[in-house]
Amino acid sequence: MSYKDRFTFSFHIPTKIVFGEGALKETVKEMDGLGMRKALVVTDVALKDNSMVKSLMSMLGERGAGLFAEAIPDSSLEVVRRGAGSFRKTGADGLISIGGGSTMDTAKGIGVLAKKGQDDLRQFIGLGKVGEPIVPHIAIPTTSGTGSEVTMFATIKDHEAKVKNLISDPHLIPPVAILDPLLTVGLPPAMTAATGMDALSHAIESFHARGYEPIADGLAQQAIRLVVQYLPRCLEKGDDVEARGMLAIASTMGGMAFQNALVGCVHGMAHALGGMYGLHHGLANAILLSHGMRFNMPVSAPRYRQVGEAFGLDPRGKSDGEIGEMAAQAVEKFTRQLGLPQKLSEVNIPKENLTEVAKTAVADPAMRSNIRKVTDPGEIIPVLLSAW
Ligand SMILES: [Fe+2]
């Protein structure tokens with residue numbers, strides 16, 4: 001598949017990336033650079049008493065307007081509303097998020113409401129509904145997977161409706177991301193593996209998403225190489241700082257790739273399963289990734305050559321279909337080696353509800369950006385069954 005059919009695109013990477021062991025200490029300098037006087041720090045409930053949050057708060061001193069430690073794994077409209085109230089009460093003029101993807105997404109939501117003087121994020125769900133710069137935001141990831149520190153997306157769950165909503169707007173892109181590998185050394189192996197597979201899914205889905213182009217391809221290919229090389233090392237030795245750093249870079253590069261190329265059917269299905277059953281996003285992607293690749297094979301096989309090469313496979317003398325299948329098998333082997341569940345049945349997804357999952361998945365924005373057009377849930381049910 002050549003680029004020539006529709007060779008126009010725009011590419012966003014406005015984020016300044018500050019990388020390094022101990023880079024957390026650059027936070028105040030970066031606040032100065034953004035003209036941020038006092039920041040509300042947003043973090044996860046589970047990280048409230050964590051030493052990295054404590055050391056950030058003490059570094060900030062009076063520049064820390066307050067700590068909002070109510071982000072939850074699937075961020076909610078209600079949490080964002082409370083966070084915006086906290087922002088106003090503390091007199092902050094900027095945000096620092098320290099945590100995983102949902103924490104960074106929570107801060108993005110708070111940034112929208114704070115800017116707009118509103119309480120309800122629902123009106124901003126969808127594409128390009130924010131329309132103006134939000135309050136400045138420094139994103140500090142403590143997992144390596146979502147890439148949210150460089151993307152224009154925030155996924156906020158409506159817990160009542162059991163649906164994950166997407167807000168997509170270039171103004172959500174954090175102007176500064178601080179990648180400090182020391183912040184991820186304490187992440188347990190299962191979480192390291194699941195979030196790492198989210199990064200790998202972003203990179204691979206960039207190859208079979210509608211917006212694919214050569215810059216995103218380059219970023220995605222390198223992201224795959226780094227995940228394949230360094231994620232196993234992070235699992236063998238959690239405090240391997242070099243491996244942790246490389247995985248953080250892989251995650252950010254995957255984020256850069258997919259926010260431009262977009263993602264596809266794997267994320268569409270993962271969002272549905274996360275909304276309906278609370279299945280961890282990275283784990284859902286890990287289980288579904290090879291199945292989504294095979295679904296897209298009739299359209300995307302030539303594109304998977306680059307995926308295969310990044311896995312170290314030799315594509316010489318192989319047809320597109322052969323190398324595509326080899327790449328899907330390499331993904332399965334890699335996931336198995338990480339010790340992650342391989343099937344939806346292993347994570348208690350009821351088989352009889354897969355039709356409902358397919359219906360929700362087809363309505364997800366990620367499904368609409370899949371390279372192979374999906375309009376009917378019936379097209380996706382066999383993919384879910386093969387992953388079950
Ligand atoms: Fe993701």
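This is a predicted model: local features need pLDDT of at least 70, side-chain atom pairs count only at pLDDT 80 or more; totals for chains, interfaces and linings use all residues.
Visitor: What makes the crossing of H8 and H12 right-handed or left-handed?
Guide: H8 passes H12 in a right-handed crossing. Residues are numbered from 1 along each chain as its sequence is written.

Visitor: Why are H8 and H12 called oblique to each other?
Guide: Helix H8 covers residues 265-277 and helix H12 covers residues 354-362. Their axes come within 8 Å and cross at roughly 120°. Axes are lines fitted to C-alpha atoms over the stretch in contact, with angles from 0 to 180 degrees between N-to-C directions. Under 35 degrees is roughly parallel, over 145 roughly antiparallel, 65 to 115 roughly perpendicular, and the rest oblique. H8 and H12 are therefore oblique.

Visitor: Which residues make the contact of H8 with H12?
Guide: From H8 come Gly-268, Met-269, Ala-272, Leu-273, Gly-275 and Met-276. From H12 come Val-357, Thr-360 and Ala-361. Contact means C-beta atoms, placed from the backbone, within 7 Å. By class, that is 6 nonpolar, 3 polar and no charged residues. Nonpolar covers Ala, Val, Leu, Ile, Met, Phe, Trp, Tyr, Cys and Pro; charged covers Asp, Glu, Lys and Arg; the others, Gly among them, are polar.

Visitor: What makes H3 oblique to H4?
Guide: H3 (residues 77-90) and H4 (residues 101-116) pack at an angle of about 60°, with their axes 8 Å apart. That angle makes H3 oblique to H4. H3 passes H4 in a right-handed crossing. On the H3 side the contact uses Val-79, Val-80, Gly-83, Ala-84, Phe-87 and Arg-88. On the H4 side it uses Thr-106, Gly-109, Ile-110, Leu-113 and Ala-114. The classes are 7 nonpolar, 3 polar and 1 charged.

Visitor: Why does Thr-143 count as buried?
Guide: Buried needs 20 or more other C-beta atoms within 10 Å, exposed means 12 or fewer, and partly exposed lies in between. Thr-143 has 26 such neighbours, so Thr-143 counts as buried. Its place is in the loop between strand S6 (137-141) and S7. Beyond four places in sequence, Thr-143 is in contact with Gly-100, Gly-101, Thr-184, Leu-187, Met-191 and Thr-195. Thr-143 and Leu-187 are 44 residues apart in sequence, yet 7.2 Å apart C-alpha to C-alpha.

Visitor: How do you know whether Asn-348 is buried or exposed?
Guide: Asn-348 has 9 other C-beta atoms within 10 Å, so Asn-348 is exposed. It sits in the loop between helix H11 (320-337) and H12.

Visitor: What makes Lys-162 partly exposed?
Guide: Lys-162 has 15 other C-beta atoms within 10 Å, so Lys-162 is partly exposed. Its loop lies between strand S7 (153-158) and strand S8 (163-168). Phi of Lys-162 is near 55°, a positive value in a residue other than glycine.

Visitor: Why does Leu-166 count as partly exposed?
Guide: Leu-166 has 17 C-beta neighbours inside 10 Å, so Leu-166 counts as partly exposed. Leu-166 is in strand S8. Past four places in sequence, Leu-166 touches Phe-153, Thr-155 and Pro-365. Leu-166 and Thr-155 are 11 residues apart along the chain, with C-alpha atoms separated by 4.7 Å.

Visitor: How do you know that the radius of gyration agrees with a compact globule?
Guide: The radius is taken over C-alpha atoms, and the globule rule is 2.2 Å times the number of residues to the power 0.38. For 388 residues a compact globule would be near 21 Å; the protein chain has 20 Å, so the two agree. The C-alpha trace spans about 60 × 45 × 40 Å along its principal axes. Buried residues make up 55% of the chain.

Visitor: How many helices and strands does the protein chain have?
Guide: The chain has 14 helices and 9 strands. Both are DSSP runs numbered from the N terminus: helices are H or I with at least four residues, strands are E with at least two.

Note on methods
A crossing is left-handed if the near helix is turned anticlockwise from the far one by less than a right angle, and right-handed if clockwise. Two residues are in contact if their C-beta atoms, placed from the backbone, lie within 7 Å.
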